[in-house]
Each structure stands twice: as structure tokens, then as C-alpha cells.
Amino acid sequence: MRIRLTFGLLALVASAACNTGLDVTNPNSPTEQAALSNLDGVIATELGMQDQFATSFNTYVRAPALVTDEWGTASKALAADISLFTGQGIDASYGVVSDPYYFTYRIARTADAVINAVPNISGITPGFAAGLTANAKLFKAMALGMAAQQYAQLPIDASVTGGTPVPRAQVFAEAIRLLESARSDLAPYSDADLSGFTSRAVSTGFDVRNTIDAMLARYYLFTGAYQQALDAAKRVDLTKVSLLTYPDPGINPIYNYGVVAGYVAPLKSWARGAESGDQRVGFWADTLAAPPVGTPPTLQLAQFKLYGTRNAPIPVYVPGEMRLIKAEAEAQLGDLPSAIADINAERAETGTAVTPGAQLPPLTAVQLNTKDKVLAQILQERRYELFAQGLRWEDLRRLGPVVGVQPRVDFLPMPQAECTTNPNVTGC
Amino acid sequence: MAVSRFSPRAAALALGMAIAGGGTPLLAQQAYTIHGRVVEANSLQPLPSATVLLVGTQLGAATDNQGQFTIRGTLAPGAHQLQVTHLGHARVVRDFTLGTSLNVDVGAIAMQTNPIQLNEVVVTGTGAPTERRKVGSTITSVPGEQINNAPAAQSVDKALQGKVIGAVISQNNGQPGGGVSIRLRGTGSILGGAEPLIVVDGVIVENNSEALVSLGANAGRGGAALTNSLSDIAPGDIDHVEVVKGAAAAALYGSRANNGVIQIFTKRGTTGKPSVAFHTEFLTGNAPKEYSLNASPTAGRGDVLYGGASALGVPVTRYNYQDQIFQQSNGAINQLSVSGGSAATKYYASGQWQTQTGIVRSTDMNNFNARSSLTQTLNDKLSFTVNGSYIQRKSDFVPEGEQTQGVITTLIFTPTTYNPAYNPTTGRYPYSPILGTNPLDVIANWKAQDNTNRFIGDFSTNWTPLSSLTVNYLFGFDRDNETFYYYQPPLSTGAAFTGSVQNPTRDVTRFNNDLTLTHEYDLSRALHLTSTLGGRQTSDHSNVLSANASGLSPGQTTVGSGGATPTSGQTITDIRTLGGFLQERLGWGERLFVTGGLNYEASSAFGSDQRWQLFPRLNASWSVDQEPFFAGSFLGHALSTLRLRAAYGETGGQPPSAYSIFDNYAVASRAGKPALIPGSVAGNPELKPERQREYEAGFDAALPDNRVALEFTWYHKHSTDLVLNTPLPLSSGYSFQLQNVGSLTNKGVEIGLTSLLLNRHSFQWNSRLAYSANDSRVDKLVTPNDTLIFGYFNAVAVGQPVGEFYGAYFPRDAQGNIVYNGRYDANCNVIAGTAGIIPSAARGATCKTTLKKFLGSPDPKWTLSWNNDFNIGSHTQVSFLLDGRFGNKVANFSRRISEYFGAGASNANEQCVVSGGTTYCQETLNADRHTTYEAFVEDGSFVKLRELALRYTLDPSIAGRVGAESATISLAGRNLHTWTNYTGIDPEINLFSANTVARGVEFGTSPIPRMFSLGLNLNF
């Protein structure tokens, strides 16, 4: 201490009027502490969290689309993509294995940062605070829910020392808990109460309340809680859409991976499997366009249609999914007539610029006279309604046995990078 | 101040007297004036700038241009001694007596050239100016003449090549003003910088080597600059340069001295009438060799694939347009300086103008330097000095290296059936078939210009309140503004290219405040204590601003305000340091000196808990030849000089980023709204400096006639707490954190042998042989099995040298033949298959990409340089310098690319087979060979004829006709010849410039020109 004082004094004398402060701040970007200390910073972080989900959405789609029957790999694709497509040689060190895992906890960490910061922000309406918190819970739940469709085990929280992986059923349960909590956060407030939050902190085109219910419906269905799934799906306003948008300088990540990089494209076999006259094939894919350069003729690839342009939005859920969740829940609960009615409502949809519409004739109770036939039809509808939404893998796990179809791969392995750095991960 | 016998009371008394400002007046003192003249012993020419000290006092003077000196002081009559020192000459002690005459002429004092220069005063890292013999660590001094006379060097860094033992100085690139990388005793970091700290007259100057626009290696590779700050000082202004190579000597610079320190001392004024010096030099140069390209009269596979021929074997026209890429380089240097002064005021002022065209067309450099120095003595206790230098430099570059728009890049990427000539019908330069860009279009129409404006200045005062106490204060200031302008016209890289302008600028303001107090004290007649207490504060502020645009309208060559798509960016960095040091040097007569010191320093880049760091040092120097027993012993018969020395010191290194201690949120946007995203790099408030601990020991010895001198140094540098990216669990929400985890060791020896081989009346031959060997080993990384890859395949792995090449190797059978089409075991050994280097459709499993091995280090195992000076008669001097490196590997990626695309000379004779309807070749599009880096790692050992010079001093009568006192004409050459087995264009260049780890990769960058110069020096 004495030495420090002596030298410090000397240097002070030497430095005369110059600024000697050793505590510098980073002028280029705020530190975490600075960012979360005020409302503007928390709003920006909330938006950053939404951006993380929007820009990494491709990682939630890639493996489910490649290990099932949605996408194929062009010849210039990375070895990692090819391994998913063929189901051979999936290496735990590949980015395709670690990306969904990594981005999930990046998003979860950001969501936690917001959730922890909001109570300390002063001068903020209760509605604004509830909106910020609920939306953070929603995005954390979405990230966990998407990841749980790709890994058998994973932690439910981000932790600097590494989280403890739990079976994925528990992860779905945690997603549902977060969503229910978000829903009750928002319950006391009218849309007017939330308007400040919505206009300042929500990404344009995104609908928080309906997405919470839609996600509740999705994850209740995955966990077999059919009544809750049905109730939640019924609450979703099917006239609304909820979008991840990519205005410049942003870029749709699926367009970027599939079209710009040219690694992956829709399989023509997917298009051929559709019912004649199904308008959804042309909505999602362009089967007439030339496949990506260098694609071998033995592998027939189409091109992306909805994601065929740089700024194309991605729907977080489509109305048809809600109808099909209702139908599946009703079928599982034994109400086949209601299930058939919902299937037909979904088949009759005309769609919008950003959501698909099959425009197919209704099916009869004779055609769908058993529960298995109803479930098989739901699986077929979901294949075309929910193309490249990252849900196909889970759909095949749940409904594949009804039609005898299995994905090529059960789950992604635990990423190598997590195995070597997380002491709570064992057996990999 | 002499105290007859040591006792604490006497010491206290003496100290008290010293502080009271008096000595011990034994006799009545009188005001004497002592004058004399210092000359070179052989030529009897006057020696300016020699330091004359009255022994036992603080009185002294420097000689003027005529070698004259005058010392005035109040002194006791009786016997006295003058000590005369001068860089490069042996110290002289002259006895004289002060008597009744108050005006004493001691006459001419002749100084002999000293090969060891132990009395040379060194400053860098010593706290206060000190004779070399008192310092236990090695400090290399290079006198100004060696830099001024270095032929066609154009900048200090190049002039130092081959002249500093243990320094590997490489010119990375042959473009004019091309950067140089300097490694002192190996590479001591991994993520941090490896270039030494540069100090100019006490000013710690900016030495950022980040390129503003990547013209060689791609952006994001770091340290890839084409220029460096050492070239901002005109060589003609340099008095001498000091180099300290490791922690043992550099400990005074504490937390930023891990890579050693190079201090430049500029010329000062000398008393006497104004002396005017004019130097003019004409330079011309060319590329040392051309790329050898495919000259086959018939089409090969590359020609067919890329549209140059219709079928294999048909006659083709080939184009070797290297004469349209390379040109003769011409340049000129003109410098005018004036110096002079009175006893109280001394001044030096100079201006230099330098112009040079490069060996690649459309490249050039224009420099303008101005420098002035003023020293004013206010009274016998106080003086101050103001130095200022300004440089303006404009350089024109071309893209090259791994830039797909590169001029040489396109040459090696394109089959030689491509004709790049301008097509008057289309009004365009035809696109090249693989990269698109036409190299002649780049030369004719692109612009890549760097503009530097820089001021380096300092203000210092020297106050001697007591004869035993000196107080030095220095304020140093460095303001560096660099702007880059890079214009790529629309359509120039391809039909879809909309053009681009990049116009980044970097502004750096840097200052340091140094205060040093030095106190001299005699503990007894034999024991002398020098205490130094100092403080230093530094501040660096850097602001990088970029403005870019694409989508240019025809004729638009600026970022503009509309139409084009603009982008911009800014990064501001602040680093501040604060620290102090205490040093004690105990001298026992002239025999033994022991120095101990402690630095205590803090940097804003580290967390508050780790911020303050201690850096100790200890060294000892024992002049055995001063011992009473020496003269009578066998050692005394064998040697005239023997000094043993040993040193230990610790230094630190700054972190890769100024803000690594924080969890920084990244600035982003979500659908048009400003957003923040938590960083993927976790902040580490526990981050501390990388720490180097260096031991060194050695000796200096000379034979009795002083004609042969030997220096030997052994060193061991252990660098610990190396900052590395330590991966965090994916489930942390981070990817990694910078942590102090790594360590590595450099150890080696340095041997210098200086001799006066011949000393006849009219012929003298001075020779200096410098050998150094360095062995580097990585000791610890985050995990023992980590292999970190930098650049293409420079690796960092435990047990290996930093940057050793690590890549795929050929599958070979038991006889060592390459077997491409076979079956292999897990180690790439051939199980079945016949020797062959052409893959076929039917080839078996390959092992080419996954298995890698270490393929050699880009750093030399040892270096040897041999410098020779011949004095012939009284007018002629001839000198040459051979600079050699041995055991280093170079990755010849120029050859790799040219062979893959069919442009290489060897493609003319390659074998191809047709298998399954497809043609497979030995080289062209042979992806197996292309990814087997073993094929391209070559022995890069070389010896360069670095310097060759002939200097002729005209007879004074001839010089007098133009009014000059003396005139010298010189004819010289630099890098005239290279002896090497390396097959590429130049084994010295590196794509990655001054990058810490990525080294030794030759890939499409300009070779170092062979330069000739004709110069004239006039002194008025």
C-alpha cells in the first residue's frame, strides 16, 4: 500500500493536469451493468433478444428439416449438413450440432438479464414492466421448446459454470411454466396498458399475447396435455399473424443459408408427396426453379419460395397449426367429429401472403373413421402446413408410428463443446 | 565529496552536505576553463558528440563539429582526470593538473575504435544514462552511421536488418513502405502482439499494425498492416538506436515490454558554427525474380477447364504479362540538415523528401519529414530540450495476397492462356476466368492510397539542483493520423459488381509523462550508490472511423451523400497506465555493479483487483579485468577485457483488447429499432498482464590488442499468464472468456565476434560475426490437446514452437512413395495400393484431410550475419553485410495455387490419366494434393547479400570547389542476391505481415526488391 501511494503520488505529480483515470468505460458499446441500468437499455436488450431468436431461427429448422423429409443438401453443402441429411457420421463437434444448443442459451441469458433487470427500473408503468417480463419469458420458452425438439437432454437455464441437463420432457414443462407465467403477467393489463411496451419494445409484426397462447397450445400438445392444448389453441385469434421480420440490413436466415449460401433446398420428393391440388406446395417451394448450382441430378431439389427473398418474414406459428392442434387434441380426447371439422377448416384455408392455405376439399367422416386415420391425416396436413417450421422431427416422433415413418436420427448428440467444458454433463 | 573512510556518520554527513549543495572544500577553489580536442586515433579526424566528463564531478561537455570541448567550473587545483567517451570508441582517461593558469588546454585526445564499446552510455531500460559496463543485461546499440550509411534502406527497420544479434527483422512485403516485422528473441505471446515497444527520444510511440483496409491478408486476421511506425523516422535524423530484447533488460518498461524495446535517439545540435549536411541519393531496383509459369505450347487441363483451349494437347498461345505487372523501381532521397549552437543553445533541424516507385506498377511512396531539436541551458543547473518531428507520407498500393482482387494473386490463380490485355472492342479489360478481376485493370484504374500525417514531439528538462541529484522530466506526444482510400470501380471484379469505396481513418493521440530522479552517493571511496526513483503515466486514445459505399454511380469515386449504399463504423479505444519505479545501483569501484529495481504499474485494461502489478529486476556486472589479480593471472595475459554479467527481470504484456474486463453488449438492431445483444465473450475482471520472466547471463572479452572481441549471452525467457480464449460451456450463453492460462518458453544464445582482421597503414578490415539461436516451445494451453490454428496452418500446440506449420501429409508406402489410390490405416500408412500421385475415380478411401502432423517452424533455428568494413587508403570504404537464416520453413502457397489452377511451370509436364470418363491430373485440380499442405512446405533457409557499399571521400580540395568541407560519394546495393533452396519468389516475405503466430507464408505478395543506390553527402 505504501509503495502504491508513493508511486501513485509521484505519477500524479508527473502527470500534472492530464487525465490519469484508470477506470475507463467502453465508449463503443455499453457494459452489461450499464445496459441494464435504465429503461432504454432494457428495451434495447429486449429487442436484441428478439433479434437473436429471429437471426438464429435457421438453426431451429435446419436439423429437423434435414433429418426428416423436408430439405436436401446441395453438392456444395457442408459435410455437417450432409451428415444430417444422410444420418451418417453426425459429429458432435459440428456446428449443426452445437448451434441450436448455443443460441438457445444465448437467448435464455438475454431473457434472464431482462427479467432480472425490470424490477429495478424506475419510472415505468406496471403494464410496460409486465410486457417486458412476459415477452422475455415467451422468448426463453420458445428457445427452450425449439431446442428440446432436437436434444434428448438439456439444461433449463443458462449458467456461467454450465447448466445441468435434464430430460427434454422437463424442458417442455419449463417452457410451459414460463409461458403460463407470461400469460398471467399480462392478464391484468389491457392492450392499451401495454401499448407503450408494444410500440417500443416489440419487433414489428410480432404479436405477444397470441404467440404465448399458440406456444402453450404447441407445448401442451407435445407433452400430451390435450385439454390444455385445446383450450390454449382456442384462445388464439386466428385472424392475427405473428412474424419474425427481416427488413434491411437484416436478412432472412433461411434465405441466407438456402439461397445465398446454396447449402440446402426443399426436396422435390416432399412436393410430390402432397395431395393433388394442395396450394401449400407452391407457397413454400418453387418446384420449377433450377435447383442450386451443382446439385447432382440424382438428388432432386426445388428452391425456396416463401424464403426465396432476402426480406421474407417467417411466421412464428401459422393459424393452420392451431386448427391442427385442436384437431389432434380432440382426436386424442375421443372427439373425432370435432377433429374432422378442424381438419377441414384447416384444409379450406385460403392463406395470406405470409401464411399457407391448402384450398383443398373437405374430407368426410367415412374417410376418417378411426382415430389412427385422423392422426395420420393430421400428420399429412402438418407436413405441408408447417413446412420448415422446425416441427417435423417432433411430429414424426409423436405421429410417425401411426403411419410407420421414422426420422433418420433420434436426437442430436450432446455438442462436443458442451461435453468438454460443462462439468455437469456426463457420459458423452 | 570524497569520504575517506566509510562510516554511517560520515555517510550521513556527506549526504547532508550534498543536499546542502556543497562538496568538501579542502583547498581554495578557483574558476577554471578547460578545453581540448577529441580526434579519431587512425584518421585524426575530429570526433563530434564525444562526451567529456571531469571525473568526480557533474561537470562535462560534448564536443562540437570540430571535436572541440570546453568545460568551465570552480575547482580545486591539483591532479584531475577527464574521461572521454564516444559511441564505438574505447573510453579514454586523460590525467591533467590544474595549477595557477586558469585556462588549461589538455590538447588532442585520440580515441581508438573499441570493438566492445563497454563505455558507451546506454539509456534504454537503465533508469538514467549509464555506461554499458555497469549494466548486467544486454543492451544493443547501433550507431547512427550504420543506419545512415545502410544502403537503400529507406527506413530504420530495414537498416537494422542483420545488425542486432537475436533480432529477426523481416520485410514482409516488397511494396514501397512495406511493413517490417521485428522479433526479439522469439515470439512471446499468442493472442497478444509480438512486436517490440517503440520509443523515440523517450516518447512511447504508437505502433499499431492493424491494417485499415486489407490489401494483403484478409480483414480480421490482425496485425496485417503494410506500414509500420518505425518508417516514420527519417534514417538521416537518427543518432543511434538501442535495442533491449527481453524482460531482463526491459523491465523498466514494465507492463508493455514483453516483446522488448527499441529506442531511437535522434540527432541533437552541437556547439560550434552551423554545420550543414546535404544528402542526396538516387535509387533504382527491380524484382529479384519472376514467377515461373506454365509455358507449354500445348493445352493442359487447366487451360481446357477455364476456357483457354478447346481440348487437351491442342496448340495454345500463352501470355506472360509479368512485365506489365512488375517495373523498374526508381526513387530519390534528399535530406538537408543544419546543426550548431553556442554553449547555452544547441539546435538541429532537418528536412527530408523521399520518393519511390514500387516494383509493382502503380505503387509508390512519397515521404516528407521535418524535424527540429532545440536544447537550451538556462544556467548550470537547468536545461530543457524540445524535439518535434512531422511526417507526411502518401503511399499507393495494389491489392495482393489472399485478396481475390490481388494483382499477383490473379497471376498465380489464372492459367497462362488468359490474355489480360485491354480489349478496345468491348472497351474493357477482360475478366480473368477464376477470380474475375483483371490485374491490368487494377493497375490502371484502381486506387489504394494510404495517407499518414504524424507529429512526434517531446519536451524535457534536466535539472541538477545538487551536484549529486538529477531530476529529469519528459512529456512525450505522438499524434498519428492515417487515412486509407480504396476505390474499386463498378464492374471491375465481375458483371454484378457495383463498385466500392472504402475510406477509413485512424486517429491516435498518445502521450507519456516521465519523471525520474537520480541521486549519486559515495558510501565509501570504493562503494558508490546510484538511486533512481521514477514515475510514468501514459495515455493512448485511438479513434477509428470508416466510411464506405457500394453501388457507385458511374464516375463516383467518393462515398458521396446519395445514390450509393453507404456504411460507416467507429471504434474508440482508450488505454491508460500509471506506474513508478525504484532502482538502486551499487558500484564497487569500477569492478562490480549490482542493480536492483522494482516497477509498480497499473493499466486501465485490467480489473481493479489485478490492476497493480510488481515487476522486479536484478542484474550484476563484474569487470574481472579491474580486479587486482587480473593483470598478473593467465587471464590477464590472454585477455585485455573480461566482464561477466547476469540479469533477471520481469515484464508484462497488454491484453488483446482494452475492454476485455467488461461484459460488453453488442450494438445491433431489430427490424429498424436499436437493440443490444449480450456479448459472446464473457468479461474477465480478473484479467492481468501476460508476464515474462527472463534470465540471461554472459560475458564480454577482448584480446590484448583489442583486435578481437567476443560477446556471449545465454537467455531463458518464460512467458506465463498468456491470455487465451478459454471456451465456456455452451449453456453459459457465452462462447469464451479471455483468461491468463497459457505459457511458453524461448531460450537461446547470442554470440558476437568483432575483430579488426587487418590493420595495415592503408588497409583495415573490420569484421563482425553475429550468431543467434532460439528455441521456442509452448508449455501450456487451455487443455494439453489444444491445437490453435492461425492464418492457414500456423499452429500453437503444447511442446511445439509457436506457429509451427500443422497440416495434412501424403500417404506413403514403406519405401516413402506417395500412394494416392489405396487403402490406409488410421495413421495414413498404406495398406494396399501402388505408388502414384494421380488420384483416380477408383481411388480408395483417402486420409488426406483429417490426419495432420507438424511440418516445421517458420522461425529460423539459428541466424548468422557477417558484416565487413574495409578502409582502403584514406578515401575509400567498402562494406558488405551477409544476413542468413537457417532451419526455417516457408509455406509456398503461391506455388500451391498456381499448380492447382494449371498456371505453374510444373503444370507443363504434369501427368494426367483418364478414368471413368474424367481426367485426373498430378497437379491441376488435384484436390488431394491441394489440401496436403506437406507438398508446399519448403526449406526457407537463406543467405542474403543484404548490403554492399562503396564509399569514396573526395579530396577536400575538390569538395571545397562547391564550398563543402567534405564530400562523400557512395554506390550501394541492398538485397542484391539471395542464396536459397526455396523455389518461390522470396523466402523472407509473409502474407500475414507482423501477425504474432501466422508467419512464413508466401502467397501472392510483392517480393523484396533488389535495390541499387548512388548517393552524395556534402558537409558544409
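## The interface of chain B and chain A

In this predicted model, chain B and chain A bury about 4900 Å² between them, and carbon and sulfur atoms give 64% of that area. On the side of chain B, the residues that lose the most area to chain A are B:Tyr665, B:Arg670 and B:Leu730, which together account for 18% of what that side buries. Counted by residues, the contact involves 52 residues of chain B and 64 residues of chain A.

The rule for salt bridges finds 2 of them across the interface of chain B and chain A. B:Arg670 forms a salt bridge with A:Asp51, and the closest N and O atoms of this pair are 2.9 Å apart.

## Helices α3 and α7 of chain A

The crossing of α3(A) and α7(A) is left-handed.

From α3(A), the contact is made by A:Leu39, A:Val42, A:Ile43, A:Glu46, A:Met49, A:Gln50 and A:Phe53, while the residues from α7(A) include A:Phe128, A:Leu132, A:Phe139 and A:Met146. Sorted by class, the residues of the contact of α3(A) with α7(A) are 12 nonpolar, 3 polar and 1 charged.

## Helices α8 and α10 of chain A

Helix α8 (residues 168-186) and helix α10 (residues 208-222) of chain A pack with their axes 9 Å apart, at an angle of about 150°. Since an angle over 145 degrees counts as roughly antiparallel, this angle makes α8(A) roughly antiparallel to α10(A). In passing α10(A), α8(A) makes a left-handed crossing.

Among the residues that make the contact are A:Phe172, A:Ile176 and A:Leu179 of α8(A), together with A:Ile212, A:Leu216 and A:Tyr219 of α10(A). The residues of the contact of α8(A) with α10(A) comprise 12 nonpolar and 4 charged ones, with no polar residue.

## Helices α11 and α15 of chain A

Helix α11 (residues 226-235) and helix α15 (residues 319-332) of chain A pack at an angle of about 150°, and their axes are 9 Å apart. The two helices, α11(A) and α15(A), are therefore roughly antiparallel to each other, and their crossing is left-handed.

In α11(A), the residues A:Tyr226, A:Ala229, A:Leu230, A:Ala233 and A:Lys234 meet a set of residues in α15(A) that includes A:Met322, A:Ile325 and A:Glu330. By class, the contact of α11(A) with α15(A) has 7 nonpolar, 1 polar and 3 charged residues.

## Two backbone details in loops

In chain A, the peptide bond from A:Asp248 to A:Pro249 is cis, with omega near 5°. A:Pro249 lies in the loop that runs between β4 (242-244) and α12 (253-260) of chain A.

In chain B, B:Asp201 has a positive phi of about 50°, although this residue is not a glycine. B:Asp201 lies in the loop between β13 (197-200) and β14 (203-204) of chain B.

How values were computed: Residues numbered from 1 in each chain as written. Chains lettered and ligands numbered in written order. Predicted model: local features only at pLDDT ≥ 70, side-chain atom pairs only at ≥ 80, totals over all residues. Heavy atoms only, no water. Axes fitted to C-alpha atoms, helices over the stretch in contact; angles between N-to-C directions. Helix = DSSP H or I, 4+ residues; strand = E, 2+ residues; numbered from the N terminus. Parallel < 35°, antiparallel > 145°, perpendicular 65-115°, else oblique. Left-handed = near helix turned anticlockwise from the far one by under 90°. Contact = heavy atoms within 4.5 Å. Nonpolar A, V, L, I, M, F, W, Y, C, P; charged D, E, K, R; others polar. Buried area = accessible area lost by both parts, 1.4 Å probe. Salt bridge = Lys/Arg side-chain N within 4 Å of Asp/Glu carboxyl O.
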